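Reader: I have the coordinates open and want to go through them briefly. Please give the cut-offs as we go.

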Amino acid sequence: MIDTVKYALIGCGRISPNHIAAVKNNDHIELVAVCDIVPENMEHLLSQFELQDKGIARYTDYHQMLKEQHPHLVAIATESGKHGQIALDCIAEGCNLIIEKPIALSLDEADAIIAESEKQGVIVCACHQNRFNKSIQKIREALEEGRFGKMFHGTAHIRWNRSKPYYDQAKWRGTWEQDGGALMNQCIHNIDLLRWMMGDEITEVMAYTDRLNHDYIEAEDLGLAIVKFKNGAYGVIEGTTNIYPHNLEETLYLFGEKGTVKAGGKSVNIIEEWNFADETGDVDAIKKEFGENPPNVYGFGHTPLYKNVIDAVRHGKQPYVDARAGRRALELVLAIYLSAKEGKAVKLPLSHCSTLDFKGRF
């Protein structure tokens, strides 16, 4: 058993403070190195946490970092289009991984990550931290206990705002090569939750996507989809970054034979509806106990996700959100893109699809 997990972070941009905070909030993990092609990003990140004088190594080349530091665990928080290759390079060095969403931008890379991690005997966690929200864990518990009965349908709504200054901060945002659009970047967390809750196995997807309000990006700012699950249930996805003037809500509805639930708030952190045929508890107390009010859309999920991964690395177990879960979320977004492009329903499972297949779409 590993006593203290040596940890390194690749990518010190917008989401990186959540990763460092999660490290500081957990035991049995030590930050040994950070890496970014822009040195100022590393210094700014470390100074936020008063770590600039703590002996943490800085690298602009992650290959050098891996060779010199030999970390047990690496988190990848770069632009999305680089996730796949960096992950494969880390796996080749025997590193366990946390990969920010999406796990990759192509199914071929996702499949390679799964295959190589199994071959090398390392674990890979897809960073879908909202699965660890108190609200989502409570809903999942009810689902696994069968309290919904037969599932009828579920809906995921992501009604957010992203304006030009957001895209100007990083030129890779909104590109097919390095990012994708609203569904791949902003909406994939709730898309992951919908698929996970509704039975995971999908038979087909019918969708529309469009770029209505961001003519300076390549990808979509609106996606609408209907999902047919293998178990007979349906899903509805509405994702957009066009909401005026700021983020409105992210909600997840689940409708079953004997239960109705709504998770809402900034990042599905609040239980807004909780109705079950077998409910004997105080519903208001349940809502209060399992609701949180995070300061932003990232929520509080990184800390429990890291706790789970640290435990998995130390004891040789699989993480709660593994690479296959990351692939399933990626597959659903790519299926939506493909259906919208072809103007017809797309059958799943899907293979050999990439965001690059949609260059020039708009």
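Reader: How many aromatic pairs does the count come to?

Author: This is a predicted model, where local features need pLDDT of at least 70, side-chain atom pairs count only at pLDDT 80 or more, and totals for chains, interfaces and linings use all residues. Residues are numbered from 1 along each chain as its sequence is written, and side-chain values use heavy atoms, with hydrogens and water left out. Rings of Phe, Tyr and Trp (its six-membered ring) pair if their centres lie within 6.5 Å; planes under 30 degrees apart are stacked, over 60 edge-to-face, the rest tilted. By this rule, the aromatic pairs number eleven.

Reader: What kind of aromatic pair do Trp-196 and Tyr-320 form?

Author: Their ring centres are 6.0 Å apart, and the planes stand at 90°. Trp-196 is in helix α9 (residues 188–197), Tyr-320 in the loop between α11 (302–315) and α12, 124 residues apart. Helices (H or I, at least four residues) and strands (E, at least two) are DSSP runs, numbered from the N terminus. The pair is edge-to-face.

Reader: What is the volume of the largest pocket?

Author: On a 1 Å grid over the protein atoms alone, a pocket is an open set of points where a 1.4 Å probe fits, with protein on both sides within 12 Å along at least five of seven lines; lining residues have an atom within 4 Å of a point. Points are joined across faces, edges and corners, and the volume is the space filled by probe spheres set on them. Among the 40 lining residues, Arg-14, Ala-77, Thr-78, Glu-79 and Trp-172 lie nearest the centre. The space comes to about 850 Å³.

Reader: Which element gives the largest share of the lining of the second largest pocket?

Author: This pocket has a volume of about 200 Å³. Its lining includes Arg-324, Arg-327, Arg-328 and Glu-331. Two or more residues each come from α5 (107–120) and α12 (323–342). The largest share, four residues, is from α12.
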